[in-house]
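Please look over the sequence and the model shown here.

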Amino acid sequence: MDNSVFYQNLEPFSFLERSAFVYPDKPAVIYGERVYTYRELRERVNRLAGALKNAGVGRGDRVAFIVPNLPPLLEAHFGPMSIGAALVAINTRLSPREIAYILNHSRAKVLVFDSEFAPTVRQVRDEVPGIALYVQVVDEVPQADDIPGPEYEEFLASAPDGEHRDPIASEMDIITVNYTSGTTGMPKGVQYHARGAYLNALGEVIETGLNWRSVYLWTLPMFHCNGWCHTWAVTAVAGTHVCLRRVDPAEVYRLIERHGVTNMCGAPTVLTGMYSSPAAEGQDLSGLTIATGGAPPAPQVVRTMEGMGANIIHLYGLTETYGPITLCVPQPEWDDMTADERAFAKAKQGVPYVHAGTGLRVVDEQMNDVPRDGETMGEVVMRSNGVMSGYLDDPDATEKAFAGGWFHSGDLGVWHPDGQIELKDRAKDVIISGGENISSQEVEKVIMEHPGVLEVSVIAVPDDRWGETPKAFITPREGAALTADEVIAFCRDRIAHFKAPRHVEFGDLPKTATGKIQKYVLREREWAGRESRVQGSQR
């Protein structure tokens, strides 16, 4: 029997093929004054595929990109895949040492890089012998002539005429490898298969309300979990991608108004930067849906953005789950809540995406479900099409992550009676002071309610009496005259005294390229020279 009649591999490339067929003249990509239709995007992807094949890239090979949120990186989410190769989209803020490791570990054959990162490429060229071809994307910075290889548009033009599509052999084939933000040791390569990417993308379509009228602004890096699969999701419905090289609040507001942006994603710190910017004055974000995750948003963040008219969707996931895998779904009773009550309700991590079914649990150390009482803490574990197929060339780490037949997130949370989960901490972020467990996120949410606080991170620091105790690192709002005593008193009025920070430090907070606060940087500084109980790496 010919199975092709009723069975075809699920792969995101089919999204581009359909949109180019149904909406050939609809704007697919906007960057500055440049506009590509879906017909043009499909042709550019085909030329990228042909140029890669012409350069010796074949099935199972890896193609690396160090490029900001520009059209070439969007094209990279389809070009390599269309010939059975895999994309390795690299965090543009990594050090040369980390980039060299990723290039070697992934065994990439081609490196496409924005000319802004030519200094990094110069540093790593001698350390990455497997890279056979360098291709430069020239945007804001002139081409680096000392690095041999074509400019990106020249590379596309080098493709032979004709169709270069060579479909994957199986929907379980790897189409991208994404590297975790490892904080001890080197990052791990997370393998995404075509089936998972396809279903996760459709999950985004359903849960965030994307359709053919959607205009999506790229504030979330495409290198981060493939843009939470929005590279494929927006394309699936023939929405319009608005590319943005770097996130600047004033430019974000300008693009929202100019292009009628309907959707965007970002970590809570991106939203904080938006509403604290002078450009926020008078902004009306009605009609804009913002998906936020990467770190639990304080209710104050949700309340402020919704006060500007935006609809906030709170998502949760990890690199190992293609980005988001749960969301805080609206409930009928929310309609009768005050804005404050609704903001606190939306701060939960919620229930599984539609594509993930019921593959979500909170378990104890024996893999038993914890009571759904909203109080008993356990580890959040997942199992669904929305989970990676494993770590590249690391069977031991894969086996550990999949122990008991579930993916172990390393996140601690509670299970509510309505089935929604709520994170309380990363396992390594729980503060154990005098034998009492303190959730750093609980303390952070309280501190964020102070009108003078812009951002906060709470960690455990050494204490001779209690072993460790909470310390708050705070970025004040502009013009605020905060004192440590004021912050401590504010907390003691709202939570148990032993949970309140004993120390407070003011200043800027270290962050990843996606806006997540790097607690490990703060921890390493505070625990330097002392034995910390906090071990392990951050996914």
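## Salt bridge between Glu-17 and Arg-42

Glu-17 counts as partly exposed because its relative accessibility is 32%, where buried means under 20% relative accessible area, exposed over 50% and partly exposed in between, with a 1.4 Å probe and protein chains only. Its partner in a salt bridge is Arg-42, with the closest N and O atoms 3.9 Å apart; the term stands for a side-chain nitrogen of Lys or Arg within 4 Å of a carboxyl oxygen of Asp or Glu. Arg-42, at 14% relative accessibility, counts as buried. The pair links distant parts of the chain, since Arg-42 belongs to helix 2 and Glu-17 to helix 1 (residues 13-22), 25 residues apart. Helices (H or I, at least four residues) and strands (E, at least two) are DSSP runs, numbered from the N terminus.

The model is predicted, so local features need pLDDT of at least 70 and side-chain atom pairs count only at pLDDT 80 or more, whereas totals for chains, interfaces and linings use all residues. Residues are numbered from 1 along each chain as its sequence is written, and side-chain values use heavy atoms, with hydrogens and water left out.

## Further salt bridges

A search of the whole structure finds 34 salt bridges. In one of these, the side chains of Asp-146 and Arg-122 meet at 2.6 Å, N to O; Asp-146 lies in the loop between strand 6 (133-137) and helix 6 (152-157), and Arg-122 in helix 5 (residues 118-124), 24 residues apart. Asp-146 is partly exposed at 44% relative accessibility, and Arg-122 is partly exposed at 40%.

Asp-139 forms a salt bridge with Arg-245, the closest N and O atoms being 2.8 Å apart. Because Asp-139 is in the loop between strand 6 and helix 6 while Arg-245 is in the loop between strand 10 and helix 10 (249-259), the pair ties together parts that are 106 residues apart in sequence. Asp-139 is partly exposed, with a relative accessible area of 26%, whereas Arg-245 is buried at 10% relative accessibility. Both residues belong to a network of salt bridges that also links Asp-114, Glu-116, Glu-140 and Arg-246.

Nine strands, in the order 2-1-10-9-11-12-13-14-15, form an open sheet with mixed pairing, where two strands pair if DSSP finds at least two bridges between them. Strand 2 (34-37) and strand 15 (351-352) stand at the edges with a single partner strand each, so one side of each is left without a neighbour in the sheet. Helix 2 (residues 38-54) packs on the sheet and touches strand 1 (27-31), strand 2 and strand 10, its direction making about 85 degrees with that of strand 2; contact means heavy atoms within 4.5 Å.

Within the sheet, strand 9 (residues 215-217) and strand 10 (residues 240-242) pair in the parallel sense over three bridges, and the bridge partner of Leu-217 in strand 10 is Val-242.

## Helices 12 and 13

Helix 12 (residues 299-307) and helix 13 (residues 339-346) pack at an angle of about 125 degrees, with their axes 8 Å apart; axes are lines fitted to C-alpha atoms, for helices over the stretch in contact, and angles run from 0 to 180 degrees between N-to-C directions. The contact involves residues including Pro-299 and Val-302 of helix 12 and Ala-343 and Phe-344 of helix 13.

## Positive phi angles

Trp-228, a residue other than glycine, has a positive phi near 55 degrees. Trp-228 lies in helix 8 (residues 225-228) and is buried, with a relative accessible area of 4%. Met-367 likewise has a positive phi, near 65 degrees, and lies in the loop between strand 16 (360-363) and strand 17 (377-382).
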